[in-house]
Amino acid sequence: MARQSRAIKNLLLDKIESMLDLPEQFLTLQTPRLILRKLTIADAEDIFAYASDPQVTAYTLWEAHRSIDDTYDYLNNIVFELYRSGQGMDWGIISKKSNKLIGTCGLYTKPVHRRAELGYALSRDYWGQGLMTEAAKAAIAFGFHVMHLQRIQGYCAVENISSARVLEKSGLEFEGILRNYVFTKESAWDVKMYAIISKSNFPLIG
Ligand SMILES: CC(C)(COP(=O)(O)OP(=O)(O)OC[C@H]1O[C@@H](n2cnc3c(N)ncnc32)[C@H](O)[C@@H]1OP(=O)(O)O)[C@@H](O)C(=O)NCCC(=O)NCCS
């Protein structure tokens, strides 16, 4: 309790250094159509359903999950490790309509620079409805107002048109093409880098 009230005081004083300082209720976000909440091991099957889809993973840095064990590895080694380190946040995206977990959206930070990178993936059944843009805007608002970031960036393979659109619609500006920026799936990829540095268009609520 003392830790929580200290964290809330620190939040108001612009002193949150780590997600671990935040009381649990600050980590759940609501948008008109979505709930963003912490992932649990019980989400593995819903994640596997889209993370094993080669169309979803065509432009992700990670390989398609071949079995549910890959999903458990992802949760244990990446997501829960991120929660333990307090250096970012990966939210499960729940559709209010279907009450299903339909994707993830995260902010992966470099705390010393007050910078984070946005990453996301969504089940194909839900593409093209503006849902990831809705989730990304909530994550960005959280990044500026709760994590006190100075820069939120996102990049995508130059061919990944829908991801570039999500970044643009979420208010990030195109900064340029970074050549051979990532080496993944046996080749070097050129990426489009986007970023936002102003929180003025991102009210914490609404
Ligand atoms: C990228 C992704 C998250 C987008 O989610 P989404 O909820 O469908 O995104 P939105 O509906 O908010 O926006 C998608 C935009 O891309 C546009 N788009 C999609 N395919 C397009 C195409 N081939 N040509 C032109 N525009 C296209 C849509 O029209 C929409 O833009 P609009 O609102 O201006 O019409 C989803 O496609 C996904 O999970 N892809 C696989 C994982 C991935 O690539 N993650 C990102 C790695 S960097």
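One definition before anything else: two residues are in contact if their C-beta atoms, placed from the backbone, lie within 7 Å. And keep in mind that this is a predicted model.

Leave aside the neighbours within four places in sequence, and A164 is in contact with C156 and K192. Is A164 buried or exposed? Buried, because 20 other C-beta atoms lie within 10 Å, and 20 or more is the cut-off for that class. One distance as well: the C-alpha atoms of A164 and G154 are separated by 8.8 Å, and the two residues sit 10 apart along the chain.

Stay with helix 5, residues 161–169. Its part in the ligand shell is the largest share, 5 residues. Strand 5, at 115–122, and helix 4 each supply at least two residues as well. The shell counts 20 residues, and W127, M132, T133, S162 and R165 come nearest to the ligand. What is the split by class? We have 11 nonpolar, 8 polar and 1 charged.

Now the core. The largest nonpolar core has 42 residues. Those with the most contacts inside it are L36, I93, C105, A135, A136 and A139. Helix 4, residues 131–145, gives this core its largest share, 9 residues.

Take L36 from that list. Beyond four places in sequence, L36 touches T28, L29, W91, I93, C105, A135, A138 and A139.

That's the tour. Over to you.

Technical notes
Residues numbered from 1 in each chain as written. Predicted model: local features only at pLDDT ≥ 70, side-chain atom pairs only at ≥ 80, totals over all residues. Core = buried A, V, L, I, M, F, W, Y, C linked by C-beta atoms within 7 Å. Buried ≥ 20, exposed ≤ 12 C-beta atoms within 10 Å, placed from the backbone. Helix = DSSP H or I, 4+ residues; strand = E, 2+ residues; numbered from the N terminus. Near = placed C-beta within 6 Å. Nonpolar A, V, L, I, M, F, W, Y, C, P; charged D, E, K, R; others polar.
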